[in-house]
Amino acid sequence: MEESQTESPNHSNFSSPSSSPISSPTSPVPSNLMENVLGLLRIRVIRGINLAIRDVISSDPYVVIKMGKQKLKTRVVKKNVNPEWNEDLTLCVQDPNLPVKLAVYDKDTFSLDDKMGVADFDIKPFLEAVKMHLEGIPNGTIITKVTPSRQNCLAEESCIRLKDGKVVQDICLRLRDVECGEVELQLQWIDLPGSKGV
């Protein structure tokens with residue numbers, strides 16, 4: 001039995017909506033943008049389930065997350081159609097109406113990387129739960145649920161709950177434009193001092 005190997009691409013796991021070199025020492029977001037920033041969305045890319053085979057008997061998958069002009073990616077997991085990334089990617093949120101787009105690719109050495117499916121999700125229900133500023137309720141309490149529909153890529157009901165005093169959302173996305181595959185994520189909100197807030 002062969003162990004899966006990982007490869008780390010050169011990338012940052014934080015994306016700022018601007019390439020401005022001016023930033024404060026306490027924040028990775030340029031100071032002139034702080035008034036438009038609501039906060040940070042930490043997306044934990046947990047794992048892929050039954051992803052499509054794009055090489056001879058397996059795939060070398062990685063995930064790309066986009067929101068507006070921001071783009072982040074996970075490391076590559078070699079020879080595995082059920083990869084575990086457990087990797088945090090953090091987006092700077094300015095417009096809560098923008099969907100988060102996800103694409104899975106198979107890393108190829110001598111040709112363009114093969115697409116292994118796409119999905120997107122809406123963060124508005126999650127942000128509504130964050131806005132409630134819930135305190136003093138038991139850990140694990142479910143705040144709300146998002147049901148799968150034709151308008152979303154959810155593979156199953158998605159629970160927004162309180163975990164260790166923070167609002168989190170567990171998401172399982174069914175990939176589109178591909179024969180099979182799902183990706184599990186967890187969302188967490190990070191307030192930034194000096195930001196507009198939700």
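How do strand β11 and strand β12 pair, and over how many bridges? These close-up views of a predicted model begin with that pairing.

**View 1. Strands β11 and β12 form a hairpin.** Strand β11 covers residues 158-163 and strand β12 covers residues 166-174. The two pair in the antiparallel sense, over 4 bridges. To find your way along the pair, look for L162, which stands opposite V167 in β12. Between the strands of this hairpin there are 2 residues. At D164 in the hairpin, phi is positive, near 50 degrees.

**View 2. Strand β12 also pairs with β13.** Here the sense is again antiparallel, and the pairing runs over 7 bridges. A handy landmark is I171, which has L185 of β13 opposite.

**View 3. P193 lies in the segment after β13.** Strand β13 itself spans 182-190. Is P193 buried or exposed? P193 counts as exposed because its relative accessible area is 71%, and the cut-off for exposed is over 50%. Look for M34 as well: P193 and M34 are 159 residues apart along the chain, yet their C-alpha atoms are separated by 8.9 Å.

**View 4. Four lysines gather in a patch of positive charge on the surface.** The members to look for are K66, K71, K101 and K115. Of these, K71 has its place in strand β5, which covers residues 70-73. With a relative accessible area of 53%, K71 is exposed.

Key:
Residues numbered from 1 in each chain as written. Predicted model: local features only at pLDDT ≥ 70, side-chain atom pairs only at ≥ 80, totals over all residues. Heavy atoms only, no water. Patch = residues over 30% accessible without salt bridge, like charges linked within 9 Å, V, L, I, M, F, W, Y side chains within 5 Å. Areas by Shrake-Rupley, 256 points an atom, 1.4 Å probe, with all protein chains shown as cover. Salt bridge = Lys/Arg side-chain N within 4 Å of Asp/Glu carboxyl O. Lys, Arg positive; Asp, Glu negative; His and termini not counted. Charge placed at Lys NZ, Arg CZ, Asp CG, Glu CD. Buried < 20%, exposed > 50% of the residue type's maximum accessible area, 1.4 Å probe, protein only. Pairing = 2+ DSSP bridges.
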